[in-house]
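Visitor: I'd like a close look at one part of this protein: the charged side chains and the places where they pair up. Could you walk me through that part, and then through the strands and helices around it?

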Amino acid sequence: MLVLGIDTSCDDTSLALLRDGKTLLSNVVSSQVDLHRVFGGVVPEIASRRHIELIEGLYRETLRQGDISGSSIDAIGVTAGPGLIGSVLVGLCFAKGLALSLGKPLIAVNHIEAHAMSIFLEKEVAFPFIALVVSGGHTIMLLIEGFGKYRALGSTRDDAAGEAFDKIAKYLGIGYPGGKVIEDLSAKGKGDYVAFPRPMADEKNYDFSYSGLKTAMINYIKKYGVTDYDLSDIMASFQEAAFDVLTNKTIRAARDLEISRIVVGGGVASNGRLRQLFAERCREEGMEALFSSPEFCTDNGAMVARVAYQYYSEGTISPLNVAGYSRMKIH
Ligand code: KG4
Ligand code: ZN
C-alpha cells in the first residue's frame with residue numbers, strides 16, 4: 001500500500017511516499033529558513049505564499065524520486081492542524097484536489113500525533129509509552145496506548161521549548177533557527193555557569209513553562225552582559241535548565257504511571273544533548289528512551305504518511321470537506 005504524506009503546517013513544505021508503512025520511497029522537505037531568517041521567526045503570510053509556489057513542483061519531485069506515477073498512490077495523508085492556518089490550508093487544499101482528481105481517499109492527520117508516532121517509521125514500539133513532543137510550536141506530553149489512543153498529560157503554559165530557543169537567538173542576533181545554533185554553542189560551554197531557574201520543576205502536574213526561563217536569560221544578559229568568552233557558557237546553562245525540566249518531568253510521569261518507555265519527538269528532539277540526557281536518566285531509572293532519527297524529528301511528510309497508513313489500514317478515512325485547524329486537540 002502506497003501512501004503520500006503531506007505536511008505544510010509551518011515553514012517546511014514536505015511530501016513523502018511510504019510503502020506498507022515502512023519503506024520510504026521519497027521524503028522531500030523544502031525548508032524556508034532562508035526566507036524567514038531576516039525576521040528571526042516565521043512570518044505566516046510569507047510561509048503560506050511560499051507553500052503555494054512550491055507544492056505542485058515538490059509533489060512532482062516526490063513522485064520522480066519514488067519512481068512512480070500519481071495513479072499508483074493508494075491514499076493521501078495530510079496535516080489538517082495544528083499549525084499556521086494559512087500554511088495548513090495550502091497542504092490540505094492541495095491534498096483534497098489530488099484526492100478528487102486521482103479518486104483516492106484522504107486521511108486528515110494531527111501534526112502533533114505525527115510527531116509522537118514518527119518513531120514507527122523506523123521501529124515498532126510496544127504500547128503503552130509516554131511521548132514527549134518538543135518543537136517550535138508545541139511542548140506536550142502524552143500517554144500513548146495505541147494509534148488513536150492518546151491522553152494529554154501536560155503541555156506548556158506559554159512558549160514552546162523550541163520557541164524559547166528561537167526567541168533567545170533572535171534577541172542575541174546569533175542566528176536562525178535558534179535551536180541548532182544554541183546546541184552548537186552549548187557544546188563548547190559549561191552548563192553550570194549560570195544557575196537559571198527550572199520553571200515548574202517541582203509542581204505536581206506535567207506542565208511546562210518556557211517564557212519565564214527565556215526572560216530570566218534575557219535579564220541576566222541585560223544585567224551582566226555577554227562576551228565572546230562566556231556566550232557558550234550562558235547558552236549551555238540555558239540549555240541545561242530547559243532540558244532538565246523536560247527530562248525530569250517526563251521521567252516522573254513515566255514513574256507515576258508505571259510506564260517504562262519514553263519516546264521523544266519534534267524538532268527539539270534532534271538536539272544531541274537532549275537525547276543524551278534522556279538516555280542517561282532513563283537508564284538510571286531502568287526505562288528505555290527512544291528517538292526518531294533527526295530528519296524525522298523536524299517537520300516531514302513521512303511521519304504524516306505513517307499515521308495515515310495506520311488509519312487507512314484500519315478502514316478510517318476523512319470526508320473531503322474536513323476542515324483545517326490552527327489549534328487541534330489530541331485525544
Ligand atoms: O518540529 P519542527 O520542525 O517544527 C514545528 O512543528 O515547530 O521544530 C522546529 C523547532 C524550532 O524551534 C527549532 O529551533 C527547534 O525545533 N530545533 C532545535 C534543534 N533543531 C531544531 N532545538 C534545539 N536543538 C536542536 N538541535
Ligand atoms: Zn512540527
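Guide: Let's start with Asp-244, which counts as buried in this predicted model because its relative accessibility is 15%, below the 20% cut-off for that label. Its side chain meets that of Arg-198 in a salt bridge, at 3.0 Å from N to O. Asp-244 sits in helix H8 and Arg-198 in the loop between H6 and H7, so this pair ties together parts that are 46 residues apart in sequence. Arg-198, at 30% relative accessibility, counts as partly exposed.

From there we can turn to a network. Asp-159, Glu-163, Lys-167 and Lys-214 are joined into one network by salt bridges that share partners. One of its links is the salt bridge between the side chains of Asp-159 and Lys-214, with 2.8 Å from N to O. This pair links distant parts of the chain, 55 residues apart: Asp-159 is in the loop between E8 and H5, while Lys-214 is in helix H7. Asp-159 and Lys-214 are both buried.

Another salt bridge is formed by the side chains of Asp-207 and Arg-157, again given as N to O, at 2.8 Å. Asp-207 lies in the loop between helix H6 (178–186) and helix H7 (211–224), and Arg-157 in the loop between strand E8 (149–155) and helix H5 (161–172), so the pair ties together parts that are 50 residues apart in sequence. For the whole model, the count comes to 16 salt bridges.

Now for a charged residue without such a partner. Arg-252, found in helix H8 (residues 231–256), is buried yet has no salt bridge. The nearest side chain of opposite charge belongs to Asp-256, 4.7 Å away, and a salt bridge needs the side-chain nitrogen within 4 Å of a carboxyl oxygen. What does Arg-252 touch, leaving aside its neighbours within four places in sequence? Its contacts are Ala-201, Asp-202, Glu-203, Lys-204, Asn-205 and Tyr-206.

On the H5 side the contact is made by Phe-165, Asp-166, Ile-168 and Ala-169, and on the H6 side by Gly-178, Gly-179 and Ile-182.

Strand E8 brings us to the sheet. E8 belongs to an open sheet of 5 strands with mixed pairing, in the order E8-E7-E6-E9-E10. E8 and strand E10 (288–291) are the edge strands, each pairing on one side only. On average, neighbouring strands of this sheet are turned by 25 degrees against each other, direction ignored.

Within the sheet, E7 is mostly covered, with 7 of its 8 residues buried. E7 runs antiparallel to E8, and 6 bridges join them; here Ile-144 stands opposite Tyr-150 in E8. The hairpin of E7 and E8 has 2 residues between the strands, and in it Gly-148 takes a positive phi near 85 degrees. Strand E6 (residues 129–134) also pairs with strand E7 (residues 139–146) in the antiparallel sense, over 6 bridges. Ile-130 stands opposite Leu-143 of E7, and Phe-129 has Ile-144 as its bridge partner there. E6 and E7 form a hairpin too, with 4 residues between them.

Finally, the start of the chain. Strand E2 (residues 12–19) has 7 of its 8 residues buried, so it is largely enclosed by the rest of the structure. Strand E1 (residues 2–7) pairs with E2 in the antiparallel sense over 6 bridges, with Val-3 opposite Leu-18, and a hairpin joins E1 to E2 through 4 residues. E2 also pairs with strand E3 (residues 23–31), antiparallel and over 8 bridges, and Ala-16 stands opposite Asn-27 in E3. In the hairpin of E2 and E3, with 3 residues between the strands, Asp-20 takes a positive phi near 50 degrees.

Notes
Residues are numbered from 1 along each chain as its sequence is written. Chains are lettered from A and ligands numbered from 1 in the order in which they are written. This is a predicted model: local features need pLDDT of at least 70, side-chain atom pairs count only at pLDDT 80 or more; totals for chains, interfaces and linings use all residues. Side-chain values use heavy atoms; hydrogens and water are left out. Buried means under 20% relative accessible area, exposed over 50%, partly exposed in between (1.4 Å probe, protein chains only). Lys and Arg count as positive and Asp and Glu as negative; His and the chain ends are not counted. Contact means heavy atoms within 4.5 Å. Two strands pair if DSSP finds at least two bridges between them. Axes are lines fitted to C-alpha atoms, for helices over the stretch in contact, and angles run from 0 to 180 degrees between N-to-C directions.
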